[in-house]
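Student: I am new to this structure and would like to go through it with you. May I ask questions as we go?

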Amino acid sequence: MFRFIEYLERFWALLSFYLPSHLFVENNKEKNILIVPGFKSGRFYYARLKSNLDNLGFKVGILSTLRNPTSLEEAVDYLAKQILTAPNEVTLIAHNTGGLLVLILPDEARRKVKRLITLGTPFHGSDRFTNTRYSYWGFESDWVKTNYKNALFFPLFQPLSAIEDFSFPPQESTEFGQGRDLWFDIPGNYNLVRRNENIRTLREFLGTPKDNIQLSPSPKANPEFAVPKKIEVDFSKYEPSVYKKNKEKLAKKKSSATNKEKSKPTTKTQSKTKPTGTKSTAKTKAAPKAKPKKKTKR
């Protein structure tokens with residue numbers, strides 16, 4: 001069932017890719033989140049994700065991608081010009097192959113990005129692109145092996161994926177140094193940005209604009225550890241003569257302690273034995289003496 005839904009989503013993404021609105025380029029002057037579309041996915045395909053993030057208080061923009069770029073560099077430059085219109089410390093949410101395009105952004109555009117979130121990006125490539133004009137994105141291609149670690153150049157990198165995304169196995173996610181942050185509920189690469197359950201998960205992950213993203217501060221040198229401390233050790237007690245005297249003192253103390261324990265009188269409580277054949281009787285109270293009878297006068 002989920003696979004059928006994913007096929008529908010993929011068809012809807014391709015249809016929106018050829019809509020005229022996909023080529024519209026907007027000014028991202030006041031945006032703090034930019035969505036990078038995936039492979040042949042139109043801008044309108046991410047409208048539901050954008051409206052959900054707008055309701056949280058973010059200012060979201062959706063970038064445009066070229067339909068038939070003459071080269072990969074042309075497609076990346078087209079994205080970079082749009083990112084340069086955004087303010088500093090912007091967050092990029094890159095879907096699918098959009099995350100691969102972001103990996104080779106020019107330095108000027110990359111410095112604008114404080115946080116990179118990828119959704120189902122095939123960092124190890126995909127067999128879908130083998131024997132196509134996008135063969136550089138093929139599984140374990142030379143291009144992928146050379147550029148996939150460029151994600152570490154961003155201050156904060158968080159690769160998110162569907163639970164059945166085989167292009168990014170969980171045992172290999174530790175290669176990025178930051179590990180995997182999130183698994184989505186519904187499988188499927190195209191379902192990541194359209195299904196309500198996945199959008200809710202992403203909303204909870206992003207928080208709100210009030211939740212500032214604080215990077216771990218760089219460690220500072222402690223002046224106390226700059227100069228090694230001098231540790232003074234009294235070696236006199238380790239001299240043979242002093243060591244022998246101390247050893248004799250300890251032996252005397254031990255012997256005197258043992259002698260004191262032996263000289264102590266041993267008091268044993270002897271239990272009184274009762275003669276055999278007799279039973280212990282409880283003490284009975286003495287009966288009151290009878291009062292003398294008064295003589296009656298006749």
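Student: Which residues are buried in α3?

Tutor: This is a predicted model, in which local features need pLDDT of at least 70, side-chain atom pairs count only at pLDDT 80 or more, and totals for chains, interfaces and linings use all residues. Residues are numbered from 1 along each chain as its sequence is written, and side-chain values use heavy atoms, with hydrogens and water left out. In α3, the buried residues are L72, A75, V76, L79, A80, Q82 and I83. Buried means under 20% relative accessible area, exposed over 50%, and partly exposed in between, with a 1.4 Å probe and protein chains only. Helices (H or I, at least four residues) and strands (E, at least two) are DSSP runs, numbered from the N terminus.

Student: Where do they sit around the axis of α3?

Tutor: They cover an arc of only 160 degrees, which puts them on the same side of α3. The arc is that of the directions from the helix axis to the C-beta atoms. On the other side of α3, E73 and K81 are exposed.

Student: And what do the buried residues of α3 pack against?

Tutor: They pack against β1, β3 (90–95), α4 (98–102), α5 (107–110), β4 and α6. A contact here means heavy atoms within 4.5 Å.

Student: Changing topic, how many aromatic pairs are there?

Tutor: The count comes to 14 aromatic pairs. Rings of Phe, Tyr and Trp (its six-membered ring) pair if their centres lie within 6.5 Å; planes under 30 degrees apart count as stacked, over 60 as edge-to-face and the rest as tilted. For W12 and F44, the ring centres are 5.8 Å apart and the planes are at 85 degrees, so this pair is edge-to-face.

Student: Where do W12 and F44 lie?

Tutor: W12 is in helix α1 (residues 2–17) and F44 in the loop between β1 (33–36) and α2 (47–56), so the pair ties together parts that are 32 residues apart in sequence. W12 is partly exposed, with a relative accessible area of 24%, and F44 is partly exposed at 46%.

Student: Which residues do ring pairs link into a cluster?

Tutor: The cluster consists of F39, F129, Y134, Y136, W137 and W143.

Student: Lastly, what is the mean pLDDT of the chain?

Tutor: The mean pLDDT is 76, and 69% of the residues reach 70 or more. This value is the predictor's confidence in each residue, from 0 to 100. Over residues 269–273, pLDDT stays under 50, and the model has 0 contacts beyond four places in sequence for them. Where pLDDT is low, the predicted coordinates should not be read in detail.
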